[in-house]
Amino acid sequence: MSETVLEVKNLESFYGPIMAIRGASLKVEKGQVVTVLGANGAGKSTLLKTISGIMDPEKGQVIFEGEEIQGKEPHSIVRRGIVHVPEGREVFPLLTVDENLSLGAYTRNDKAEIEKDREMVFDYFPILKERRGQEAGTLSGGQQQMLAIGRGLMLRPKIMLLDEPSLGLSPLLVQEIFAILKRLNEDEGVTMMLVEQNAKVALELADMGYVMEIGRIVMDGSADRLMESEDIKAFYLGHQEEGARGERRWKRKKTWR
Ligand SMILES: Nc1ncnc2c1ncn2[C@@H]1O[C@H](COP(=O)(O)OP(=O)(O)OP(=O)(O)O)[C@@H](O)[C@H]1O
Ligand SMILES: [Mg+2]
């Protein structure tokens, strides 16, 4: 039976006068990977920031495990098990890999379990073990992305919010990181909400997908259905059937469920 972990209802978020989220609704079931696709400026990062409490919404609800959490402080949201791996892989550059991982577990005090989780992170990302004493700022972009994900895992999240983990990485490295995300979902049962512009890799990993445009959800469905959609192919997957990439706009909301 499916169990809704996270639900966003009619959310509206602003930067001063700018309305970045214009009434978005979505659901994440336990154990799923749900992706939110959208072009630059669609509001993907703002959506994650509003869920994790970095921003307060003007309207609407964020419901986590049945409880409304919108407007709560980020630290209280983290403690509930929502981990946000932000865009641009913000690791602490002057701290070592190990210190970054330890900080990821700052809400916990079960020392032996924390060390087990560190070993688990090293199993998934062996390069981090090799570089454990190195300052994070001196890691490559891909390694920093791995560290950002690893640090998030150290909290034993109930859900991970991942903001464009593919950003700025080579196609090969993107494949590698997404293969690891898949294993984390399948083997460790980590529920994920994945924001991406890279629709292909995101839909390959995800169970469900939503498409955002200018602060609204304009399309949703199973990842398989979205992958077959002509609109998605035209806009995101390189089959340019009408106009140049980026010109095409979503005209109508489609729901397949
Ligand atoms: N700090 C800010 N101040 C004012 N406006 C902002 C700020 N951050 C984002 N915006 C605006 O909010 C809208 C949504 O931005 P957001 O960063 O959520 O988009 P995004 O989908 O994550 O884009 P990208 O794929 O480029 O990361 C955009 O119009 C953007 O210009
Ligand atoms: Mg963004």
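Me: What makes up the area buried between domain 1 and domain 2, and how much is buried?
Reply: In this predicted model, about 1,300 Å² is buried between domain 1 and domain 2, and carbon and sulfur atoms give 75% of that area. The figure is the accessible area that the two parts lose on being put together, summed over both, so it counts the domain 1 side and the domain 2 side together.

Me: Where do domain 1 and domain 2 run in the chain?
Reply: The domain assignment gives domain 1 as 4–81 + 160–255 and domain 2 as 90–156. Their C-alpha centres are 25 Å apart. Domain 1 puts 17 residues into the contact and domain 2 puts in 13.

Me: How many salt bridges and polar contacts cross the interface of domain 1 and domain 2?
Reply: The rule finds 0 salt bridges there. It does find 1 residue pair in polar contact, with both residues at pLDDT 80 or more.

Me: Which elements supply the side of domain 1 that touches domain 2?
Reply: Helix H2 (74–79), strand S7 (159–163) and helix H7 (171–188) each supply at least two residues. H7 gives the largest share, 9 residues. By class, that side of domain 1 holds 11 nonpolar residues, no polar ones and 6 charged ones.

Me: Why is the pair Lys-129 and Glu-119 called a salt bridge?
Reply: The N to O distance between the two side chains is 3.3 Å. The cut-off is 4 Å between a Lys or Arg side-chain nitrogen and an Asp or Glu carboxyl oxygen, so the pair qualifies. Lys-129 sits in helix H5 (residues 126–130) and Glu-119 in helix H4 (residues 111–124), 10 residues apart. A search of the whole structure finds 15 salt bridges.

Me: Which residues are closest to ligand 1?
Reply: Ligand 1 is surrounded by 14 residues, and the closest are Asn-40, Gly-41, Lys-44, Thr-46 and Glu-87.

Me: What makes Glu-164 a polar contact of ligand 1?
Reply: An N or O atom in the Glu-164 side chain lies 2.9 Å from an oxygen atom of ligand 1. The limit for a pair of N or O atoms is 3.5 Å, so the pair counts. Backbone atoms pass the test too: a polar backbone atom of Gly-43 is 2.9 Å from a ligand 1 oxygen, and a backbone N or O atom of Ala-42 is 3.2 Å from one.

Me: Where is Ile-214, and which residues does it touch?
Reply: Ile-214 is in the loop between strand S9 (208–213) and strand S10 (216–222). Leaving out residues up to four places away in sequence, Ile-214 touches Arg-22 and Ala-42.

Me: How far is Ile-214 from Val-195?
Reply: Ile-214 and Val-195 are 19 residues apart in sequence, and their C-alpha atoms are 15 Å apart in space.

Methods: Residues numbered from 1 in each chain as written. Chains lettered and ligands numbered in written order. Predicted model: local features only at pLDDT ≥ 70, side-chain atom pairs only at ≥ 80, totals over all residues. Heavy atoms only, no water. Domains from an automatic or database assignment. Contact = heavy atoms within 4.5 Å. Buried area = accessible area lost by both parts, 1.4 Å probe. Polar contact = N/O pair within 3.5 Å; in protein donor to acceptor, adjacent residues only side chain to side chain. Helix = DSSP H or I, 4+ residues; strand = E, 2+ residues; numbered from the N terminus. Nonpolar A, V, L, I, M, F, W, Y, C, P; charged D, E, K, R; others polar. Near = heavy atom within 4 Å.
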